[in-house]
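Dear colleague,

I am handing over the structure below, and my notes on it follow.

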Amino acid sequence: MLHQASPQVVNDSSSMEKTDYEKAVSLHENAVDEIFDKKATSRLLRKMDWHLLPFLALLYLLSFLDRANIGNAKLANLQKDLNLTGKWDYNTAVSVFFPFYVAAEIPSNLMMKRFRPSIWIPFIMVIWSAMTMVMGSVKNFGGLLGVRMALGLAEGGLFPGVTYYITMWYKRHECGLRMAIFFSAATAAGAFGGLLARGIMEMDGLGGVDGWAWIFIIEGAMTMVAAIAAFFAMYDYADTAKFLNDAERREVLRRLEDDRSVLSDEFKWQFLRDAFTDWKIYVHMFITIGIYIGLYSVSVFLPTIVASLGYSNAKAQLMSVPPYVVACVCTLAGGFLADKHGQRGIYMIFFCVVAMVGFAILLGTKNDHARYFACFLVTSGIYPNVPQGVAWNGNNIGGSLKRGVGIAMHVGFGNLGGAISGFVYREDDLPYFRAGHATLMGTTGMALILCIFMTLYLRKENERRDATHKPPSEYTRAEKIMEMERGDNATFFRYTV
């Protein structure tokens with residue numbers, strides 16, 4: 001049910017310099033505001049979810065599929081056919097993707113800030129889908145390295161870009177579940193990739209093309225189709241979204257403004273400097289790399305780990321599916337509960353512990369059944385912490401430009417863990433991979449310690465601000481505007497713990 005509120009006029013001398021978001025708000029300053037009650041707001045959120053999240057999740061599923069399918073291709077004789085006989089050839093091919101992936105992230109977010117998401121995201125998708133298909137035609141180690149580098153450069157903008165995009169539609173404590181839904185596509189990619197690879201392996205020799213090459217060609221072609229569709233299916237921001245009516249557009253913009261407390265969204269170099277000098281972002285970067293080393297190690301090498309339990313290569317592709325299914329459920333449940341309770345740190349601590357228990361079991365036993373069970377714990381502990389971490393960091397960065405850069409720093413540094421991950425599990429350590437499991441237990445332990453530190457610090461900082469400043473709800477709009485360029489250092493800003 002909608003209620004009518006009294007007209008309000010807000011004078012803001014800086015409105016001509018604001019970004020599209022604030023300009024859109026100013027267009028309606030003299031209009032009669034429609035205040036949505038709880039039921040109307042729930043309907044609006046469901047409408048946004050339905051129009052935005054399924055397609056975003058599909059894009060990330062394809063992205064993760066295209067970067068991790070090299071693990072499935074390995075079991076389809078990639079190494080033998082490309083003569084990867086060097087001790088580190090395969091590991092290098094896995095890792096070389098990530099420095100280029102990281103290099104693209106901050107520039108890509110700045111480009112999406114300057115241009116429309118519905119143009120930029122499909123554009124980079126077309127490039128990376130083409131590179132994935134080209135990977136099916138490489139003939140040697142050098143060719144594989146070159147295409148993997150290009151693939152990383154093209155794919156790098158998707159995850160930080162969509163993460164930033166979500167924060168421009170939803171309030172801070174609504175982002176966690178949406179990012180979890182988006183990232184759950186990575187777990188679906190792990191499950192779907194194993195099933196798809198198992199079927200594609202049967203095409204080995206068809207048309208004179210090897211089975212591993214068909215994996216790249218078919219999965220790249222799927223992404224190309226989605227990329228072309230994305231030019232027509234993606235929306236930009238709420239002020240131009242055609243699936244919303246005028247009242248709904250005003251409400252989305254009002255909710256964002258209320259949640260962000262009029263913090264500036266202008267493009268200023270000051271906000272770039274603020275991001276690069278905020279120590280809290282750097283702590284999150286180290287939390288992230290601790291988690292992402294495990295993420296990419298598991299996503300690429302899980303089929304190999306499962307095969308080491310005594311399964312054939314074909315059977316191992318199928319047996320790698322159930323751990324991802326459970327991880328998907330845990331990712332969604334963690335996002336829902338964290339949003340409901342308005343806390344993130346405690347959930348990240350819990351999932352870190354779950355993953356560490358899994359690695360401990362893998363380290364401590366030779367029993368194949370126990371080791372397979374540990375794979376469930378590892379995936380269920382690592383995967384939920386990726387959207388949790390991005391949402392936690394993004395929630396605590398004030399101002400959209402600083403947030404966009406901070407998220408790219410966070411995700412970019414974490415993705416350097418992918419470069420390390422290629423060397424975590426080595427052929428020399430078959431069949432138990434103890435060195436690899438010990439390494440990931442250590443990196444996850446580092447993330448755990450830093451999560452505990454940040455949880456305690458943010459709680460203490462909120463208490464300090466509550467003790468020295470009045471509650472955020474008591475600030476007038478004029479008082480907030482006076483601090484609009486202070487970002488999360490504004491006295492009315494409170495951190496998500």
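**A lysine and some aromatic pairs**

Lys402 is found in helix 19 (residues 400-421), where helices are DSSP runs of H or I of at least four residues, numbered from the N terminus. This is a predicted model, in which local features need pLDDT of at least 70 and side-chain atom pairs count only at pLDDT 80 or more, whereas totals for chains, interfaces and linings use all residues. Residues are numbered from 1 along each chain as its sequence is written, and side-chain values use heavy atoms, with hydrogens and water left out.

With a relative accessible area of 6%, Lys402 is buried (under 20% relative accessible area, 1.4 Å probe, protein chains only). The side chain of Lys402 is joined to that of Asp278 by a polar contact of 3.0 Å (a pair of N or O atoms within 3.5 Å, one able to donate a hydrogen and the other to accept it; residues adjacent in sequence count only if both atoms are side-chain atoms).

A search of the whole structure finds 32 aromatic pairs (ring centres of Phe, Tyr and Trp, the last by its six-membered ring, within 6.5 Å; planes under 30 degrees apart are stacked, over 60 edge-to-face, the rest tilted). One of these is the tilted pair of Tyr60 and Phe64, at 5.8 Å centre to centre and 55 degrees between the planes. Tyr60 and Phe64 are four residues apart in helix 2 (residues 38-74), and so are separated by about one helical turn. The rings of Trp212 and Phe216 have centres 6.1 Å apart and planes at 75 degrees, so this pair is edge-to-face; both residues, Trp212 and Phe216, are buried.

Best regards

Terms used: Helices (H or I, at least four residues) and strands (E, at least two) are DSSP runs, numbered from the N terminus. Buried means under 20% relative accessible area, exposed over 50%, partly exposed in between (1.4 Å probe, protein chains only).
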